[in-house]
Amino acid sequence: MTGLQIGLAAALEQFSPREAIDTAVLAEQHGFSGQMAADHFQPWVPEQGQASFVWSVLASLAENTSGDLGPGVTCPSFRLHPALVAQAAATLEATYPGRTWLGLGSGEALNEHVIGGYWPEAPERVRRMFEALEVIRKLFSGGDVKHAGEFFKLHTTRLWTMPDVPPPVYVAAAGPYTSRKAGELADGLITPAASLEKLAGILDQFGKGARRSGKDPDELPKLLQVHLSWAETDEQAWRNAFSFWPNGGMRFPKADVRSPYDFAQMAQLVRVEDYEGRMVVSADLDVHRASLQRYVDAGFNRIYLHNVGRNQEQWLEAFGREVLPSLKA
């Protein structure tokens, strides 16, 4: 897999910290490289049952594995001030130099409304994210900085614990404007799996933004998060999908829904056909292999996988043996 990395998406909405760490260790033994860990204050649905603090888990993941790792993604705009996100990311990179990255997103009400603030429309959330990126870049300079913007203020201060080289910052994007700005301002792209047509548009806009800033988009990391359901039978794979990841079949924007219990009500409306084109649910390893290869062919060079069932050990063994070795960049 020269030039291609297949890592694990640690679903902290679903697995306890200890489970996530043990799974990551096992994943590395089966040929997976790296970890993308979810920053959630609440799970999507109560059945998932977890929501641990991502920065604590990332430190433990780093201590127990040897690949790359970062939050996929954290929102630096509401629950956490960008200065705190910068401090957390700098500390992690100072402790594990050359291994970490910072993934930023514009946030979801599920996780961010808990502090009781106003929840704005999507365009404002995106503006907040890019201003937060500006604050983080300033702090990553290592010097004394200040900031007075539309959303954030920073009195003259600095990060006193700094790595020799700041971690790269990747921005989550799923639309044209955000993808283009990510190419222009960030060091790489993060996006969730979608139709190949949609992903092609995201990569095209990301490339335009990168070239506008004098960067070669072919040289930049393009991270894809892929949720899937594999089990030894199709029936079990579908049971896992409906029980643990019904949000994979919810064909509507989720950023404004505030409660796992609201998602649970919506989950009752999800049908088999709703997963089509959004998440592969199959016992056939060849089906999963072909799906992942299409993402690689589309231009993604770092793919992080999350199997939604509790059958992590069997899944890691099967994919490590049958799927990862056959993927070609």
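**Notebook: a helix crossing and a cavity**

I looked up the crossing first: H6 passes H7 in a right-handed crossing (the near helix is turned clockwise from the far one by less than a right angle). The model is predicted, with local features needing pLDDT of at least 70 and side-chain atom pairs counting only at pLDDT 80 or more, while totals for chains, interfaces and linings use all residues. Residues are numbered from 1 along each chain as its sequence is written, and side-chain values use heavy atoms, without hydrogens and water.

I noted that H6 (residues 176–185) and H7 (residues 196–212) pack at about 35 degrees, with axes 6 Å apart. Helices are DSSP runs of H or I with at least four residues, strands runs of E with at least two, numbered from the N terminus. Axes are lines fitted to C-alpha atoms, for helices over the stretch in contact, and angles run from 0 to 180 degrees between N-to-C directions.

I listed the contact (heavy atoms within 4.5 Å): Pro176, Ser179, Arg180, Ala182, Gly183 and Glu184 of H6 meet Ile202, Gln205, Phe206, Gly209, Ala210 and Arg212 of H7. I recorded 5 nonpolar, 4 polar and 3 charged residues there.

I then found 3 cavities of 30 Å³ or more. On a 1 Å grid over the protein atoms alone, a cavity is a set of points where a 1.4 Å probe fits but cannot get out; lining residues have an atom within 4 Å of a point. The largest cavity holds about 60 Å³, volume being the space filled by probe spheres set on the points, which are joined across faces, edges and corners. Its lining includes Leu8, Phe15, Thr23 and His306. E1 gives the most to this lining, with 3 residues.

Methods. 1 Å grid on protein atoms, 1.4 Å probe; cavity = no way out; pocket = protein on both sides within 12 Å on 5 of 7 lines; lining within 4 Å. Nonpolar A, V, L, I, M, F, W, Y, C, P; charged D, E, K, R; others polar.
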